[in-house]
Amino acid sequence: MSGTFTKSMARNIFFGGTVFFALLFLALTFDSMQAIPKRDNHANLTPSVVAGKKVWETNNCIGCHTLMGEGAYFAPELGNVYKRRGPEFIKAWIQSQPTGAPGRRQMPNFHLTETQLNDLVEFLKYSSEINTANWPPNIEG
Amino acid sequence: MQYSSQSVAKPYFIAAIGLFLGQILFGLIMGLQYVIGDFLFPAIPFNVARMVHTNLLIVWLLFGFMGAAYYMIPEETETELYSPKLALLMFWVFLVAGAATVLGYLLVPYATLAQYTGNDILETMGREFLEQPLLTKIGIVVVALVFLFNLTMTMLKGRKTSIGLVLMMGLWGLAVFFLFSFYNPSNLVMDKYFWWWVVHLWVEGVWELILGALLAFVLIKVTGVDREVIEKWLYVIVTLSLVTGIIGTGHHYFWIGTPEYWQWWGSVFSALEPIPFFAMTVFAFNMVNRRRREHPNKAATLWALGTGVMSFLGAGVWGFLHTLAPVNYYTHGTQITAAHGHMAFYGAYAMVVITIISYAMPILRGRAANSEKAQVMEMWSFWLMTVAMVFITLFLTAAGILQVWLQRYSATPIPFMAAQDQLTIFYWLREGAGVMFLIGLLVYIASFFVGGNEKAKAA
């Protein structure tokens, strides 16, 4: 870099650029907050869904699965599992773990109560109805 | 060492390396579980191993950053640390809190851990990378605030350099954005939106300021190039980082219920995110080529150059690979993401912490540089770990491409586990590369115990 471009110029560009883009990001965030309610399925955010989210979190489901593509990549995507498998299959599946099949990936049994299972299913139903811009590409997730 | 209080950095660096070893061991367990699904089940289920793997990574990098700051700030400000005692106290607090948290993950079912640690008071647990119990999260905030107080007080009474300023801004930013980990609304879209304010604004935002400052500091020391020149570069690099990285957050807002204009904002700005990393590579090589002294610590110079190259490849190239919305539509949440994550974290953050350790540790042990023999060994560890990471990344990328094809792109998509079964060969190869990485890390640790000859005495 030539001598005409000084350190103080670089510093000013740093502060100016950072402030400008941080403000732009805040503006976009503000706009997103207005737009998200049209897509986030909050109408179906029932007490059962809220409880289900807690079941999801306190059993660290994200440690193996993805939810809308975010999480670990060891086990299937669950953002659309409600549409893929339906409520009864999900409950039966969770209750029958671990399979114990030799050499196969194992899911622990979390000893969920019937209420917790229903709440979790409600949470997965709510999640599957969020407008995700048509992601994932197909039902397999 | 110029200032005696710099010595508080030493335990931080030792802890960082110890936790790094733990991280890699759990990585190998998980890698094996990818192919031998019931390995160590039910003692260590995959989700527990992953939590330990990623949390140890974060904690050892934080130890590295804190050690780096305690080492650098006295030299940059030309004054002793405000309170070395406080720094040592916080070391033990952080280490004990970290160890207790990991033991909690390993010994107690996660739901029970949540119940006993106050998750019912404020629900923050069970989100990727932010799995820590409430108590640990509060502990992190306390340690960070005391740490920042200590350094800010040091800064106020001493010389204010650009490197010091950029470093402090990065560290303050780290603490401020961590506060979003306490915000966990029931609305999943809102939860995810602000979860990224911790995760993305850390690694593609404020952490890059820390990265730049550490690299600039070491380059001044090992090349002897004029501070004015290096600090000017630093400002240019961190400008590019934040200008691209802040709006670049948008590449996480494609498919989580956020407005679709983010597909444009996210794609365009994150496509520019490789530029600061490219600038960092050019910067490192340029400064080393223009060096005005032959510093005896060749290993540190190698790590500094490696940081530039590997962060550009891992964060820059592998990030760009799947950041454009039409591509990300197919690759989102696959092994492609894992490939990028591994090389980016290693190339940018693991390597820059090792760079500062490589430079500072010999000085903390009373010599300008380690013996020739120890340095050769350290350079072997550089190549073993770095080449291993390249292979880990390539095998995961191959697995990811195949996964995308089988599960998402082909005319007849197959279920997740059916696709996984066909990726086995790549997972085995990745595990092999992982073993090579572990060997490299063991060689690295061994290099600290190779005797120094008397040639290079304290500078």
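1. In which loop of chain B is B:P42 found? B:P42 sits in the loop between α1 (9-35) and α2 of chain B. Helices (H or I, at least four residues) and strands (E, at least two) are DSSP runs, numbered from the N terminus. The peptide bond that joins B:F41 and B:P42 is cis, with omega about 5°. B:L40 is also placed in the loop between α1 and α2 of chain B. Although B:L40 is not a glycine, its phi is positive, at about 65°. B:L40 counts as partly exposed because it has 16 C-beta neighbours inside 10 Å. In these terms a residue is buried if 20 or more other C-beta atoms lie within 10 Å of its own, exposed if 12 or fewer, and partly exposed in between, with C-beta atoms placed from the backbone.

2. On the basis of the model: this is a predicted model, in which local features need pLDDT of at least 70 and side-chain atom pairs count only at pLDDT 80 or more, while totals for chains, interfaces and linings use all residues. Residues are numbered from 1 along each chain as its sequence is written, and chains are lettered from A and ligands numbered from 1 in the order in which they are written.

3. Chain B, overall form. Chain B has 16 helices and 0 strands. Its radius of gyration is 22 Å, close to the 23 Å that the globule rule gives for 459 residues, so chain B is as compact as a globular protein of that length. The radius of gyration is taken over C-alpha atoms, and the globule rule is 2.2 Å times the number of residues to the power 0.38. The C-alpha trace of chain B spans about 65 × 45 × 45 Å along its principal axes. Of its 459 residues, 59% count as buried. Among contacts in chain B between residues at least 6 apart in sequence, 80% join residues at least 24 apart; two residues are in contact if their C-beta atoms, placed from the backbone, lie within 7 Å.

4. Chain A, overall form. The secondary structure of chain A consists of 5 helices and 2 strands, and its elements follow the order α-α-β-β-α-α-α from the N terminus on. Chain A has a radius of gyration of 22 Å, whereas a compact globule of 141 residues would have one near 14 Å. Along the principal axes, the C-alpha trace of chain A spans about 70 × 40 × 30 Å. Of the 141 residues of chain A, 40% count as buried. Among contacts in chain A between residues at least 6 apart in sequence, 66% join residues at least 24 apart.

5. The segment after α5 (114-128) of chain A. A:P136 is found in this segment, and the peptide bond from A:W135 to A:P136 is cis, with omega near -5°. A:A133 lies in the segment after α5 of chain A. A:A133 is not a glycine, yet it has a positive phi of about 55°. With 17 C-beta neighbours inside 10 Å, A:A133 counts as partly exposed.

6. The interface. In the model, 63 residues of chain B are in contact with 60 residues of chain A. On the chain B side, the elements that give two or more residues are α2 (46-77), α4 (110-116), α7 (188-223), α8 (227-248), α12 (325-331), α13 (335-364), α14 (372-409) and α15 (416-421). Among these, α8(B) gives the most, with 11 residues. By class, the side of chain B that touches chain A has 33 nonpolar, 18 polar and 12 charged residues. Here Ala, Val, Leu, Ile, Met, Phe, Trp, Tyr, Cys and Pro count as nonpolar, Asp, Glu, Lys and Arg as charged, and the others, Gly among them, as polar.

7. Helices α11 and α13 of chain B. The axes of α11(B) (residues 298-321) and α13(B) come within 8 Å and cross at roughly 160°. Axes are lines fitted to C-alpha atoms, for helices over the stretch in contact, and angles run from 0 to 180 degrees between N-to-C directions. α11(B) and α13(B) are therefore roughly antiparallel to each other; angles over 145 degrees count as roughly antiparallel, under 35 as roughly parallel, 65 to 115 as roughly perpendicular and the rest as oblique. By class, the contact of α11(B) with α13(B) has 18 nonpolar, 9 polar and no charged residues.

8. Helices α7 and α10 of chain B. α7(B) and α10(B) (residues 274-289) pack at an angle of about 10°, with their axes 10 Å apart. The two helices, α7(B) and α10(B), are therefore roughly parallel to each other. In this contact, B:E208, B:L215, B:L219 and B:T223 of α7(B) meet B:P276, B:M280, B:A284, B:M287 and B:V288 of α10(B). By class, the contact has 7 nonpolar, 1 polar and 1 charged residues.
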